[in-house]
Amino acid sequence: MARIGGPTAFPRPSMIVRPPQHWLFMVFTWRGSVLSSILPRLGLNLAFALLVVALHGWFEGFGLHLSIGPFSLMGIALAIFLGFRNNTSYDRFWEARKLCGGVMVHTRSLLRQAIAMTGRAPDDARIVHFAALLQAFAFALKHQLRQTDPAADLARLLPAPLAARLAAAQFVPAMLLRELGLWLAEERAAGRLSDILWQSLDANLDRLSDILGSCERIASTPLPYAYSVLLHRTIYLYCSLLPLGLVDSIGLLTPLISVFVAYTFMALESIAGELETPFGTEPNDLALDAICRTVERTLLEMTDAPQLPPPLQPDAQYILR
């Protein structure tokens, strides 16, 4: 059974991790912002605003005037609506992060209990196998949430026959929970676990099962589509019409103010879209690779492994995989 190996060959999530910055540098930060993804849309807004300024005199000839008043009222309502959307998306992101932390907590607890309550040495083959099943659960959960193939990680962590059998399963994390339960049942049958101790370990397995179900709920239940469409349409209609309301009052400054307002609303919508799917592949999603590597390292150390894989670090672009 291979216990240490290289990274998987599947698409990897990423998370922006930057050290604290001076306020002036943060104003001009490009990496880690959503500006690159909305820049074309801001360009269209700028072009339309310039067109409105250029044709302002022609509009006045037809007696067409738009007051900024309706746009102010609409902007306040839109900001409240957008704030609610961002809060909802961040709640999903934070819940997902707590669930990933729960995987680390309960896998550590299970391994600690298995070592202490069975009386086996930390490097005993049975304990090492139990730790490998726990590591495989963390990686399999990651792959299920990202809809990628767990076969390489299973082959790296588990004996070949077991890895091949689990790789063919549709719900690999649930099957690994079954294997963990069978391990506990074997220790109980061998007299190494009393009924009370077995129940204690099984309770931690139940918590891992709860985490699995909660992660599946987040991954399979996005925010209602109609809700997202309504907000998206309102933002782009508002940003498109805003230059018409600004040109009479601020004239040549219309393109600058229009693009600034559009940046605020479009960026907030883009961030909310990323946070809505915390297990996705956007730059601000959870760094599941780093979390799984931490689980692997801590469980290996608890089994007195002679060598640990290195922790994942942010790259030159401040991306933590």
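**Inside and outside**

Guide: This is a predicted model, and it holds 0 disulfides. Start with C100, which is in no disulfide: the nearest cysteine sulfur belongs to C215 and is 5.5 Å away. Now look from the other end. C215 is in no disulfide either, and the nearest cysteine sulfur to it is that of C100, at 5.5 Å. The cut-off for buried is under 20% relative accessible area. Keep that number in mind for the rest of the tour.

The largest nonpolar core has 51 residues, and the ones with the most contacts inside it are F130, L158, L176 and F279. Which elements supply it with two or more residues? They are α4, α5, α6 (151–157), α7, α8 (172–189), α9 (195–220) and α12. Helix α5 gives the largest share, 13 residues.

What does L176 touch, once residues up to four places away in sequence are set aside? The list is L133, A136, F137, A140, L154, L158 and L166.

Take Q113, in helix α4. Its relative accessibility is 7%, so Q113 counts as buried. Leave aside its neighbours within four places in sequence, and Q113 is in contact with T118, S200, L201 and N204.

Side chains of opposite charge can pair when their charged atoms come close. The whole structure has 12 salt bridges. Look at three of them.

In one, the side chains of E276 and R85 meet, with N and O 2.9 Å apart. E276 is in helix α11 (residues 254–276) and R85 is in helix α4 (residues 69–118), so this pair ties together parts that are 191 residues apart in sequence. Both E276 and R85 are buried.

In another, D289 pairs with K142, and their closest N and O atoms are 2.7 Å apart. D289 is in helix α12 (residues 288–302) and K142 is in helix α5 (residues 125–146), so this bridge links parts that are 147 residues apart in sequence. D289 is buried, because its relative accessible area is 5%. K142 is buried as well, because its value is 6%.

R293 and E296 both lie in α12, 3 residues apart, about one turn of the helix. Their closest N and O atoms are 3.9 Å apart. Both of these residues are buried. Some salt bridges share partners, and R120, D124, R126, E186 and E187 are joined into one network that way.

Now step outside. Here the cut-off is over 50% relative accessible area for exposed. W58 is found in helix α3 (residues 56–61). At 53% relative accessibility, W58 passes that mark, so it counts as exposed. With F48, L51 and L55, W58 makes a nonpolar surface patch of about 390 Å². A164 sits in helix α7 (residues 160–167). It reaches 51% relative accessibility, so A164 is exposed too. A164 and A152 are 12 residues apart in sequence, and their C-alpha atoms are 10.0 Å apart in space.

Finish with two loops. Most residues other than glycine have a negative phi. Q147 has a positive phi, near 55 degrees, and it is not a glycine. Where is Q147? It lies in the loop between α5 and α6. Its relative accessibility is 74%, so Q147 is exposed. D304 also has a positive phi, about 60 degrees, without being a glycine. D304 is in the loop between α12 and β2 (319–320).

How values were computed
Residues numbered from 1 in each chain as written. Predicted model: local features only at pLDDT ≥ 70, side-chain atom pairs only at ≥ 80, totals over all residues. Heavy atoms only, no water. Patch = residues over 30% accessible without salt bridge, like charges linked within 9 Å, V, L, I, M, F, W, Y side chains within 5 Å. Areas by Shrake-Rupley, 256 points an atom, 1.4 Å probe, with all protein chains shown as cover. Salt bridge = Lys/Arg side-chain N within 4 Å of Asp/Glu carboxyl O. Helix = DSSP H or I, 4+ residues; strand = E, 2+ residues; numbered from the N terminus. Buried < 20%, exposed > 50% of the residue type's maximum accessible area, 1.4 Å probe, protein only. Core = buried A, V, L, I, M, F, W, Y, C linked by side-chain atoms within 4.5 Å. Contact = heavy atoms within 4.5 Å. Disulfide = S-S within 2.5 Å.
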